[in-house]
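Please read the following report alongside the sequence and the model.

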There are 2 protein chains.
Amino acid sequence: MVRNQSETRPAGPRPARPKDVRQGASIGGVGPDEPATLLTVARTAGVSKTTASDALRGSGRVSAETKARVLAAAAALGYVPNGSARHLRRASTGTIGLHVPEVLTRSVYYMAFVFGVVQGAADNDYDVTLITSGRRTPRVDGLVLGDPMADDPLVARLMGAGLPTVTCERFPGAGQADGVVLSQHAETVGALMDHLSASGASRPALIVAGDASDWAAAVHGGFRDWCARHDLEPLVRTVPFDAPADEVRRAARELLALRPEIDALVCGPAGAAAGIGPLLREEGRVPGRDLLLASCVDSQAMQLADPPITSIDLRPREAGVRCAELLFDLLAGRARPGAERVHPIELIVRDSTRRA
Amino acid sequence: MVRNQSETRPAGPRPARPKDVRQGASIGGVGPDEPATLLTVARTAGVSKTTASDALRGSGRVSAETKARVLAAAAALGYVPNGSARHLRRASTGTIGLHVPEVLTRSVYYMAFVFGVVQGAADNDYDVTLITSGRRTPRVDGLVLGDPMADDPLVARLMGAGLPTVTCERFPGAGQADGVVLSQHAETVGALMDHLSASGASRPALIVAGDASDWAAAVHGGFRDWCARHDLEPLVRTVPFDAPADEVRRAARELLALRPEIDALVCGPAGAAAGIGPLLREEGRVPGRDLLLASCVDSQAMQLADPPITSIDLRPREAGVRCAELLFDLLAGRARPGAERVHPIELIVRDSTRRA
DNA sequence: CTGTGATGCCGGAACGTTCCGGCATGCCGG
DNA sequence: CCGGCATGCCGGAACGTTCCGGCATCACAG
């Protein structure tokens, strides 16, 4: 039922079509409120559009004098390039897609990470769009995946999308992204353990999420390695990655009751350590004296706890910036697939582990 | 020194220009890795590009049978519209600009707010770009300004840019944005004061930032109004909007020393209340018993403090989503300039004000 | 003088979608 | 029969920038 119009139309000249009139927009920026276009700049500078474009972008061959004239015209006109036109021509989008584990989007860590990515993108004139499982994957130039989970089907799909991809920490599943920003979690946990030991702890324990993410696996591994080096059986209690604070607190209470010899507790899940202090006080124990307390994720809650809790500052915001920048380096050819960059993290010692 | 090439070129036919060959891209989606274009969908469905476009967008006049055929073709091809082409044609960008007070971008509140805006934007197929003072203002379809400060020149410039603009809280300067998302801060502070009074407090005090933002002014006003209604002289200590935690803690210490009759302290600055508990303990006082403690901004640190601190949950993430959605309503003509929407906030009562 | 290379400019076509108005067909009323 | 209207399709042009290759001029070497 498809009708081919060229077959049924009577032969003869087609009436001329009236021009699509649009208030001078095709000439560009002639009205007081219309953004200047490249054509406006070119006409103002008395050159062709190609020369104007080349002068502004530093491409082609343009004399210094002509370039200065074009730059001056652009500045005087407040010219801002039309990104849509540019990206259409270049088969690009100017946008990066960002994905973080959806079960934890309320986490302070991920909010800071997202902020960092948005900030890093803005610094490179890129826009950001969040990629979620309930949404058709939009066209983007590249991807940043924060803490990719092994059991997340959306992550698997994104990893296989053929787009330049950067992950924060390694993907625990098959294959690695084009770029990885990673931190020395195991080593820093080791340093934390050394510090606890130097503060007199001899029987440390760890509460950590399962190994679905590279980060949790590294924390777990770092603790186990430290115990092996010190001839200690690792005392570990595993909780789900998205366990609520109550569940972590319950796990801590059970662990401490089961093993009263524990004298230092390291909490993996973000925020968990701050909930242990009140628990200890209920039992008449003093956090930082009767039991050393540390967290693998720093936050404002750790800083403001009583006593302030020794933590590993993961600098999530800076991690986000760093991931975005590595992606732009990949997109610009300044980095090659397989690139890995170390994001520095830091052990912050506070009163919760300063036994005097 | 501008050379007009048509004047110097010898008369005669211009050699035919070789076609710009690009692997079938002008036909659209013929290669296995090339995204399908509208032309691909049209050809697959056996219709014109205009009919394909109309069928996918629900515009024009398309029969149900033809529409179904086009939708099926698009689905089979995994067609994703080229946003750059669409936005170029429509003179739009598909991007919203976001600005938050730069002095406080490390604040947990603003990171959550930014996350909410990004999330709300993604739900509406919009990208987000952060607008900062060190960057040329990009082309965007509209603006979201979080807590616009009266003394921020960038905010003044953005408010005057002629773009659809939504603010979270009112702009304390001249003029208002097209849309405002606001919360009943003064009323909720009043409810908090009622609660403190019901818990036995008779001499409350407030630490708050100056009136450079609508939020701080509302908190301050709500406290003053409550005191006026209860024949109390308002006890207020003002700190800078971006005062570090140490400074707020010092202000609290001085105020409590100056006015030992104070039996309830309300902290405006985010996170500040959590730092008062340890301060009280240093003086042998018990927070929640010897002095009631409350915060005008909830966060994880308030939840995890010892004791947990009664706070006003501003729901920053949801506020961000709400601002984004109001902007899209304005852009889509679903809301008119001058629109105001109330974002619900909630008093969360915790142990810090539960004197038994 | 001729040929070559460098410099600096240029116009046309491309990108993928939307918008606009034209055209063909069928139905109904006068 | 003719005219008007509704329905459903259609092609051309537009959007603003980039890419490509052509052309003119000049200087230098053989």
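A residue is called buried when its relative accessible area is under 20%, exposed when that area is over 50%, and partly exposed in between, as found with a 1.4 Å probe on protein chains only. This is a predicted model, in which local features need pLDDT of at least 70 and side-chain atom pairs count only at pLDDT 80 or more, whereas totals for chains, interfaces and linings use all residues. Residues are numbered from 1 along each chain as its sequence is written, chains are lettered from A and ligands numbered from 1 in the order in which they are written, and side-chain values use heavy atoms, without hydrogens and water.

Helices (H or I, at least four residues) and strands (E, at least two) are DSSP runs numbered from the N terminus. In a regular strand the side chains alternate between the two faces of the sheet. In strand β2 (residues 127-130) of chain B, B:Asp127 and B:Thr129 point one way while B:Val128 and B:Leu130 point the other way, and all are buried. Strands pair if DSSP finds at least two bridges between them; strand β1 (residues 95-99) of chain B runs parallel to β2(B) and is joined to it by four bridges. B:Val128 of β2(B) is the bridge partner of B:Ile96.

Chain A holds 13 helices and 12 strands, and 50% of its 356 residues count as buried. With contact meaning heavy atoms within 4.5 Å, residues 24 or more positions apart account for 61% of the contacts in chain A that have a separation of 6 or more.

Two packed helices are described by the angle between their axes and the distance between the axes. Axes here are lines fitted to C-alpha atoms, for helices over the stretch in contact, with angles from 0 to 180 degrees between N-to-C directions.

| Helix pair | Axis distance | Angle |
|---|---|---|
| α8(A) (residues 185-198) and α9(A) (residues 214-229) | 8 Å | about 40° |
| α8(B) (residues 185-198) and α9(B) (residues 214-229) | within 8 Å | roughly 40° |

Angles under 35 degrees count as roughly parallel, over 145 as roughly antiparallel, 65 to 115 as roughly perpendicular and the rest as oblique. The angle of about 40° therefore makes α8(A) oblique to α9(A). Contact residues include A:Val189 and A:Met193 of α8(A), and A:Trp215 and A:Phe223 of α9(A).

For chain B, the angle of roughly 40° likewise makes α8(B) oblique to α9(B). Among the residues in contact are B:His185 and B:Asp194 of α8(B), together with B:Gly222 and B:Trp226 of α9(B).
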